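Have a look at it first, then read on.

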Amino acid sequence: MQACPGPDRDTRAPAFAVPPGACDCHAHIFGPRDRFPFSPERSYTPEDCTADQYRDMLATLGFDRGVLVQGGAHGTDNAAMLDAMERLGPRIKGIAVLPPGTPLREREALHSRGVRGFRMSTVVSGGVGFDQLEALAAEAQEMGWHLLLHFHRSEELVAVADRLRGLRCHYVLDHLARIRADEGLDSTAFATVMSLLDTDRCWIKLASLYRLSSVPYPHADMLPMIHRVVAARPDRMIWGSNWPHPIHTGPMPNDGDLVDLIPLWVPDAADRHRMLVDNPQALYGFEPLPRQA
């Protein structure tokens with residue numbers, strides 16, 4: 001079982017100031033293990049990365065809101081994530097990992113606690129794969145939730161694209177559908193992303209893109225794809241830190257450095273506001289910000 005290094009815990013305050021109401025749409029909580037044991041079916045073992053640590057990291061970055069994604073180390077036991085959501089309050093929403101068949105009453109209880117979607121993954125063990133896509137999509141549609149799709153390789157998106165076009169619920173392509181910089185704009189996978197954006201049900205999460213780059217920070221080889229999707233659908237972009245960066249084998253990023261990439265990725269201030277504030281508010285159902293006097 002793969003041991004997983006922890007994040008850079010000395011988070012640097014970024015130079016870029018995010019707008020009020022900004023949301024980090026992708027982070028994980030792990031443990032603490034003495035309260036929330038890891039799944040025996042997991043494919044990696046992370047360090048404890050707790051709600052208090054995430055709260056402090058968000059504060060350093062200047063984000064008011066966050067979305068916790070159930071991490072693979074906890075399998076389908078969402079207790080650690082739900083506990084963290086309760087501790088951190090309504091400014092945090094969650095994406096659960098559950099197989100199809102969860103009774104409506106239980107899903108309604110999860111909704112009342114801030115859960116807004118299901119995660120599906122081919123990357124980690126002990127979760128839910130795409131063989132159950134349509135069944136889980138129907139349950140998400142019933143709740144007004146979305147699916148978060150976590151691919152191991154971009155080819156997997158191409159393989160399920162026709163099935164995605166048949167879904168009625170919204171879905172998020174995590175980590176730009178894992179399209180590597182060396183695949184780029186001319187790849188079949190990128191063409192598939194652009195065609196799915198035309199359905200109005202597809203969203204793109206710009207997170208963990210350091211994994212897809214072939215060059216060091218600031219990972220300039222990712223810019224052509226980023227700029228193309230942002231220009232096409234700024235109303236369908238969201239951003240995530242991916243804290244605490246599980247299963248990352250390269251140099252561990254500092255989350256402050258990742259925030260400082262945002263204006264490079266999205267130069268237009270109005271588009272940045274959509275990505276960081278308006279789009280997460282719409283997708284996850286955050287309360288609107290109070291009007292300024």
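The largest pocket holds about 540 Å³ of space. A pocket here comes from a 1 Å grid over the protein atoms alone: it is an open set of points where a 1.4 Å probe fits, with protein on both sides within 12 Å along at least five of seven lines, and lining residues have an atom within 4 Å of a point. Points are joined across faces, edges and corners, and the volume is the space filled by probe spheres set on them. Keep in mind that this is a predicted model, where local features need pLDDT of at least 70 and side-chain atom pairs count only at pLDDT 80 or more, while totals for chains, interfaces and linings use all residues. Numbering runs from 1 along each chain as its sequence is written, and side-chain values use heavy atoms, with hydrogens and water left out.

The lining of the largest pocket has 29 residues, and Y210, R211, I247, H248 and T249 lie nearest its centre. It splits into twelve nonpolar, eleven polar and six charged residues (nonpolar is Ala, Val, Leu, Ile, Met, Phe, Trp, Tyr, Cys and Pro; charged is Asp, Glu, Lys and Arg; the others, Gly among them, are polar).

Most residues other than glycine have a negative phi, and most peptide bonds are trans.

| Site | Feature | Value |
|---|---|---|
| I247 | positive phi | near 55 degrees |
| H175 | positive phi | near 55 degrees |
| Y217 to P218 | cis peptide bond | omega near 15 degrees |
| W243 to P244 | cis peptide bond | omega near 5 degrees |

I247 lies in the loop between β10 and α8, and P244 is found in the loop between β10 (237-239) and α8 (255-259). P218 is in the loop between β9 (202-206) and α7 (223-232), while H175 is in the one between β8 (170-173) and α6 (188-197). Helices (H or I, at least four residues) and strands (E, at least two) are DSSP runs, numbered from the N terminus. With a relative accessible area of 24%, I247 is partly exposed, whereas H175 is buried at 3% (buried is under 20%, exposed over 50%, partly exposed in between, using a 1.4 Å probe and protein chains only).

The largest nonpolar core has 83 residues, and Y54, F63, L147, L149, L164, L173 and L276 touch the most other members. Such a core is a set of buried Ala, Val, Leu, Ile, Met, Phe, Trp, Tyr and Cys residues joined through side-chain atoms within 4.5 Å. Apart from it lies another core of twelve residues, including C23, C25, I238 and Y284.

Beyond four places in sequence, L147 touches residues including F118, M120, A137, L167 and C169, where contact means heavy atoms within 4.5 Å. A137 sits in helix α4 (residues 133-143) and is buried, at 5%. H146, in strand β7 (residues 146-150), counts as buried too, at 2%. Its contacts include I95, R116, L283 and Y284.

What about disulfides, meaning cysteine sulfur pairs within 2.5 Å? The count comes to zero. C169 is in none, as the nearest cysteine sulfur, that of C202, is 11 Å away. Both ends are buried: C169 at 1% and C202 at 0%.

Methods:
A disulfide is a pair of cysteine sulfur atoms within 2.5 Å.
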